[in-house]
Amino acid sequence: MILGRVIGELWATRKDERLERAKLLVVRPHGWYEARWQTRHLVAVDDVDAGVGDDVVVCLGQPARWSRGGENLPVDAAVMAVVDRVELDADAATPAHAGPGIGRPWDAPASWTRARAR
Amino acid sequence: MLIGEVVGRLWASRQADGLAGRKLLLVRPLGGAPPAAQSGLVVAVDGLGAGPGERVIVAHGSRVRDITVGEAVADKDIVVAIVDDLHLDPAAERPAPVRTRRA
């Protein structure tokens, strides 16, 4: 799952019938999402009533299909939670301290980061 | 899923059986900056009747394909919706308000 910010909503009348009652949100991932298309957004179905401006946890891939109980939705991203608060350790979140593969630029909001107590 | 604009259609006379009779669209993902604007095109299977200039939602994955256009189709990028209206809020992109917490 990834963290992201809801930046918009969209509406569609012509769509797969299983998406009839689905609420669709546009999410800007904090950090990186899909390098293949160099796009910095994703569309996710929402069942937890997130709104524009909320930080959310988004499940990617096949498990997202089951986000609404037993229904098999034709989706690959679903909002699983609305985030109340995030705390990042300022030292651990710095690329120099990050492990292999997670040293890519991190653009989490500055307010999330707090200095490690010394 | 991603939002993309349909920039064209694609036909092929010699193709795998898994693509026979399928309508293929070229979709440019929203926000794909150059050079992605040239190279980052998605070839998606469309069963909804989308046309050039329309914005669509493309879902990815074999299970999505299985339950929409059928297991026999040889493409994992599927058009699942045609966008009527899209509202993006620039204010939402601002950083969260600072909440200082003493360690």
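**Before selecting anything**

This is a predicted model, in which local features need pLDDT of at least 70 and side-chain atom pairs count only at pLDDT 80 or more, while totals for chains, interfaces and linings use all residues. Residues are numbered from 1 along each chain as its sequence is written, and chains are lettered from A and ligands numbered from 1 in the order in which they are written. The model scores ipTM 0.76 and pTM 0.78.

**Stop 1: chain A as a whole**

Chain A contains zero helices and seven strands; helices (H or I, at least four residues) and strands (E, at least two) are DSSP runs, numbered from the N terminus. Along the sequence its pattern is therefore β-β-β-β-β-β-β. Of the 118 residues in chain A, 33% are buried. A residue is buried if 20 or more other C-beta atoms lie within 10 Å of its own, exposed if 12 or fewer, and partly exposed in between, with C-beta atoms placed from the backbone. Among contacts in chain A between residues at least 6 apart in sequence, 55% join residues at least 24 apart; a contact requires C-beta atoms, placed from the backbone, within 7 Å.

**Stop 2: strand 4 of chain A and its partners**

Select residues 55–60 of chain A, which form strand 4. Two strands pair if DSSP finds at least two bridges between them. Strand 4 pairs with strand 1 (residues 2–11) of chain A in the antiparallel sense, over four bridges. Within this pairing, select Gly4(A), which stands opposite Val56(A). Strand 4 of chain A also pairs with strand 5 (residues 77–82) of chain A, again antiparallel, over five bridges. Here Leu60(A) is found opposite Ala77(A).

**Stop 3: Asp47(A)**

Now select Asp47(A), in the loop between strand 3 (42–46) and strand 4 of chain A. Is Asp47(A) buried or partly exposed? Asp47(A) counts as partly exposed because it has 15 C-beta neighbours inside 10 Å. Leaving aside residues up to four places away in sequence, Asp47(A) touches Ser67(A) and Arg68(A).

**Stop 4: chain B as a whole**

Move to chain B, which has two helices and six strands. From the N terminus on, its elements run β-β-α-β-β-α-β-β. Chain B has 103 residues, of which 29% count as buried. Where pLDDT is low, the predicted coordinates should not be read in detail.

**Stop 5: the barrel of chain B**

Five strands of chain B form a closed barrel in the order 1-2-3-5-4, with mixed pairing. Strands of a sheet pair through backbone hydrogen bonds, either parallel or antiparallel.

Which strand should be selected to see both senses of pairing? Select strand 5 (residues 77–82) of chain B: two bridges join it to strand 3 (residues 42–46), which runs parallel, and five bridges join it to strand 4 (residues 55–60), which runs antiparallel.

Definitions and conventions. Contact = placed C-beta atoms within 7 Å.
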